[in-house]
Amino acid sequence: MFPRKAPLYRKVNTTAHGVHHAKGGNYRDQRNSKARGCYEQPRETMHGRRRRGLDYTPLFKFLLANVGRKWNEVHAEAVSRLDRPDPIFWLVALHEHQRRPYVLIGESSYFSGMYVDADGLLQLVDPSMGPSSLVPLCRCCTHTFNGLPFTRPFTGLRATVEPGGSGAA
Ligand SMILES: [Zn+2]
């Protein structure tokens with residue numbers, strides 16, 4: 001019953017991730033109280049999205065690569081290559097009120113929000129979103145959008161700037 005294709009998740013080396021802030025970061029930044037929020041967040045919670053030490057980045061990239069395809073086919077393949085289906089719906093909104101232009105996974109990995117259109121095709125909620133749309137929440141982590149590093153610098157604000165001019169809420 002093993003999927004024929006590679007799984008859309010991978011095991012996380014939690015030890016390596018855990019030491020990121022402890023010794024891999026820049027100590028000069030730790031005096032900056034504005035960046036402190038990052039250190040306060042226990043890695044175990046992460047919005048519950050890193051449970052069981054699994055990283056679903058391959059799933060998110062699979063979904064992105066299949067925008068415009070028939071959702072029932074994309075969904076069926078994704079389910080066959082996952083340990084559980086719910087990570088699909090972290091990005092793909094089932095209901096209109098759940099649609100978001102972007103979704104934060106863990107501390108600093110952003111991905112496009114998606115939905116299924118009236119023709120049953122997987123679509124991006126806001127195709128204008130990209131690595132230049134948002135600003136990092138802290139100085140010490142590498143923030144990415146769909147796997148690409150942010151192009152804008154950390155500004156010292158603990159607030160995420162909404163995408164300019166897109167009208168997305
Ligand atoms: Zn950080």
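The model is predicted, so to speak of local features requires pLDDT of at least 70 and side-chain atom pairs count only at pLDDT 80 or more, while totals for chains, interfaces and linings use all residues. Residues are numbered from 1 along each chain as its sequence is written, and side-chain values use heavy atoms, without hydrogens and water.

Start with the whole protein in cartoon view. It has 6 helices and 9 strands (DSSP runs numbered from the N terminus: helices are H or I with at least four residues, strands E with at least two). Of its 169 residues, 40% are buried (under 20% relative accessible area, 1.4 Å probe, protein chains only). Among contacts (heavy atoms within 4.5 Å) with a separation of 6 or more, 59% join residues 24 or more positions apart.

Next, select β3, β6 and β7. They form an open sheet of 3 strands in the order β3-β6-β7, with mixed pairing (two strands pair if DSSP finds at least two bridges between them). At its edges lie β3 (92-93) and β7 (122-124), each pairing on one side only. β3 runs parallel to β6 (residues 114-116) over 2 bridges. Show V92, which stands opposite M114 in β6.

Finally, select N66, in the loop between α4 (57-65) and α5 (71-80). N66 is buried, at 8% relative accessible area. Beyond its neighbours within four places in sequence, N66 contacts V74 and L122.

How values were computed. Buried < 20%, exposed > 50% of the residue type's maximum accessible area, 1.4 Å probe, protein only.
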